[in-house]
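Subject: Structure handover

Hello,

Please find the structure below, followed by notes on what was found in it.

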Protein chains: 2
Amino acid sequence: MSRIPLAPIDRIMRKAGADRISEDAKQRLRTAVEELGDEIAEDSDRAAEHADRKTIRKEDIDLAVEV
Amino acid sequence: MSRIPLAPIDRIMRKAGADRISEDAKQRLRTAVEELGDEIAEDSDRAAEHADRKTIRKEDIDLAVEV
């Protein structure tokens, strides 16, 4: 199962101003971001179904993020 | 600059039930997830500052996610 790697998570935290970051903080942010991704993915799946499509499109993600 | 790779994004979408996914849908979800990560990272940075620490800890992420 491919999880989000910690390198881009570290980059996101440093970009936000973090200098020192504990290892479990990175893992916690990774999990949080994956869970938010799960929710958006589920909503976008429903949005595509609602539009009678089998392919998830960018506009389904837009709807899931905005609504 | 290390972005979140598309493989874990694809995995998140398939786990949510997606069979077919357009390429720009994956890229859109990646961007959405990165932006949510940015917000949590900024809030956790403030949470650590608030606690007079220079190191971001797991509990700072918890606070940023929950509040």
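By about how many helical turns are B:E23 and B:K26 separated in helix α2 of chain B? This is a predicted model. The two residues are three apart in that helix, so about one helical turn separates B:E23 from B:K26. An α-helix has 3.6 residues a turn, so residues three or four places apart point the same way. B:E23 and B:K26 form a salt bridge, with the closest N and O atoms 3.9 Å apart. B:E23 is partly exposed because its relative accessible area is 45%, whereas B:K26, at 12%, is buried.

Chain A has a salt bridge between A:K26 and A:E23, at 3.9 Å from N to O. Both residues lie in helix α2 of chain A, three residues apart. A:E23 is partly exposed at a relative accessible area of 45%, and A:K26 is buried at 13%. A:K26 also forms a salt bridge with A:D10, where the closest N and O atoms are 3.0 Å apart. A:K26 is in helix α2 and A:D10 in helix α1 of chain A, so this pair ties together parts that are 16 residues apart in sequence. A:K26 and A:D10 are both buried. A:D10, A:R14, A:E23 and A:K26 are linked in a network of salt bridges. Over all chains, the count of salt bridges is 22.

Now the interface. Between them, chain B and chain A bury about 3,500 Å², with 66% of that on carbon and sulfur atoms. On the chain B side, B:R11, B:R20 and B:R28 lose the most area to chain A, together 16% of what that side buries. In terms of contacts, 39 residues of chain B touch 39 residues of chain A.

Six salt bridges run between chain B and chain A. One of them joins the side chains of A:K15 and B:D38, at 3.2 Å from N to O. Ten residue pairs are in polar contact between chain B and chain A, both residues being at pLDDT 80 or more. α2(B) gives the most to the side of chain B that touches chain A, with 14 residues. That side divides into 20 nonpolar, five polar and 14 charged residues.

Strand β2 of chain A (residues 55-56) pairs with β1(B) in the parallel sense, over two bridges. In this pairing A:I56 stands opposite B:I21.

Lastly, helix α3 of chain B (residues 58-66) has B:D60, B:I61, B:D62 and B:A64 buried. The buried residues of α3(B) pack against α1 and α2 of chain A, and against α2 and β2 of chain B.

Regards

Technical notes: Residues are numbered from 1 along each chain as its sequence is written. Chains are lettered from A and ligands numbered from 1 in the order in which they are written. This is a predicted model: local features need pLDDT of at least 70, side-chain atom pairs count only at pLDDT 80 or more; totals for chains, interfaces and linings use all residues. Side-chain values use heavy atoms; hydrogens and water are left out. Buried means under 20% relative accessible area, exposed over 50%, partly exposed in between (1.4 Å probe, protein chains only). Helices (H or I, at least four residues) and strands (E, at least two) are DSSP runs, numbered from the N terminus. Contact means heavy atoms within 4.5 Å. Buried area is the accessible area (1.4 Å probe) that two parts lose on being put together, summed over both. A salt bridge is a side-chain nitrogen of Lys or Arg within 4 Å of a carboxyl oxygen of Asp or Glu. A polar contact is a pair of N or O atoms within 3.5 Å; within protein, one must be able to donate a hydrogen and the other to accept it, and residues adjacent in sequence count only if both atoms are side-chain atoms. Ala, Val, Leu, Ile, Met, Phe, Trp, Tyr, Cys and Pro count as nonpolar, Asp, Glu, Lys and Arg as charged, and the others, Gly among them, as polar. Two strands pair if DSSP finds at least two bridges between them.
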